Amino acid sequence: MHKPQQKDDMEIPLNLRQLQHLLLLADELHFARAAQRAFLSQSAFSRSIQALEASVGLRLFDRDLRHVRATPAGVRLIARARRLLSSADDLSREMRLLRSGDLGNVSVGAGPFSGVTLMPDALAQMQRDHPGVQVRLDVADSHTLLQRLDEERIDFFIAEIRELPKRDDCVLTKLGWLAGALYVRLGHPLASKAAPRFSDLKDARFASVHMPETMKKTLDDLVDPHSGGKFSIALECESTVILRDLALASDVIMFAFPNAVQRDVDAGLLQRLPVHDLDTMGARTPLRTELGLVRLKERTPTPASEILMRLVRDEAKRKLSGR
């Protein structure tokens, strides 16, 4: 059988306010001055010190009419109290920063083109306004990002939403849509010809990020509306850098969004390939992506996550259509 716990063996509850009063008295060695600093009457301050001594079961100060001195036990407790209260102050400050969004870690996911479109300016604003926040960005396709959200490896993600399943446990905010285009290297055999129709490209090879099945089906119909042919994807991957390098080094036609390749276009490395029937479709073009922001419904976002989500929504208002 276990022996009943004796009073002397019991843990001593420490009151942080009483420890603050302990340090004030240690600094002043005078009850009246210490009480004044604590904004208490001298009698109330004395009761606080007496209560602390009673709780630890030790005399912490020797006092007479003229002097107040810390006892050896008091000296030891004073030293520990200084470290403890310093840690408590640090913790309080950290909690204040977390509440304000000025501190913390945010893990966010993005599709390859949604990331290029919305994240750079949002992250730059986040770093300017909240430099203490650390952000990790995962770039992947929508299904992979949804899995990472379920595993709570990311706080939220932005991506193409048309293939995502409807989920009652998720909050989906539609951000708008973005129209893409076809790009080829400078000097590509098709670059100097009149704008072809998409069906004229049935023997061409394309490079693209993962395309929703609805987009693929529409493009299949445009390539060969009668015999059920399919346009050929030479490379499908989630790295816009690899897609761009392939387009520069070969005759593949790259599907991309203007902001993702604008630097290469400005530098004369890539150029947009006009396609007659696609260009006349306007907002109905199949080369468009529907973007949304997804988070778990039952998971409370941190203040830092809330701030970054707001910045992403602000970027969507500026850069996307169909809101």
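Residues 24 or more positions apart account for 73% of the contacts with a separation of 6 or more in this protein, a contact being heavy atoms within 4.5 Å. The model is a predicted one, in which local features need pLDDT of at least 70 and side-chain atom pairs count only at pLDDT 80 or more, while totals for chains, interfaces and linings use all residues. Residues are numbered from 1 along each chain as its sequence is written, and side-chain values use heavy atoms, with hydrogens and water left out.

There are 11 helices and 12 strands to explore; these are DSSP runs numbered from the N terminus, with helices (H or I) of at least four residues and strands (E) of at least two. Of the 323 residues, 41% are buried. Here buried means under 20% relative accessible area, exposed means over 50%, and partly exposed lies in between, using a 1.4 Å probe and protein chains only.

Let's turn to strand β12. This strand spans residues 288-296, and because seven of its nine residues are buried, β12 is largely enclosed by the rest of the structure. Two partners are listed below; strands pair if DSSP finds at least two bridges between them.

| Partner of β12 | Residues | Sense | Bridges |
|---|---|---|---|
| β5 | 156-160 | antiparallel | four |
| β6 | 170-179 | antiparallel | nine |

Now for the nonpolar cores, each a set of buried Ala, Val, Leu, Ile, Met, Phe, Trp, Tyr and Cys residues joined through side-chain atoms within 4.5 Å. The largest has 56 residues, and the members that touch the most others are Leu175, Leu182, Phe198, Leu201 and Ile253. Helix α11 (residues 303-319) supplies the largest share of this core, seven residues. Apart from it lies another core of 21 residues, including Leu25, Ala26, Leu60 and Ala81. In soluble globular proteins, nonpolar side chains tend to be buried together.

The search of the whole structure finds one cavity of 30 Å³ or more. About 250 Å³ of space lies in the largest cavity, the volume being the space filled by probe spheres set on grid points joined across faces, edges and corners. Its lining has 22 residues, with Pro112, Glu160, Val209, His210 and Thr289 nearest the centre. Helices α5 (112-129) and α6 (142-150) and strands β5 and β12 each give two or more residues to this lining, and α5 gives the most, with three. By type, the lining residues divide into 11 nonpolar, six polar and five charged; Ala, Val, Leu, Ile, Met, Phe, Trp, Tyr, Cys and Pro count as nonpolar, Asp, Glu, Lys and Arg as charged, and the others, Gly among them, as polar.

Histidine 21 sits in helix α1 (residues 16-28) and counts as buried because its relative accessibility is 7%. Not counting residues up to four places away in sequence, histidine 21 touches Ala38, Leu40, Phe45, Ser48 and Ile49. Leucine 29, in the loop between α1 and α2 (31-37), has a positive phi of about 50° although it is not a glycine. Glutamate 152, in the loop between α6 and β5, also has a positive phi, near 60°. At 49% relative accessible area, glutamate 152 is partly exposed.

Key:
1 Å grid on protein atoms, 1.4 Å probe; cavity = no way out; pocket = protein on both sides within 12 Å on 5 of 7 lines; lining within 4 Å.
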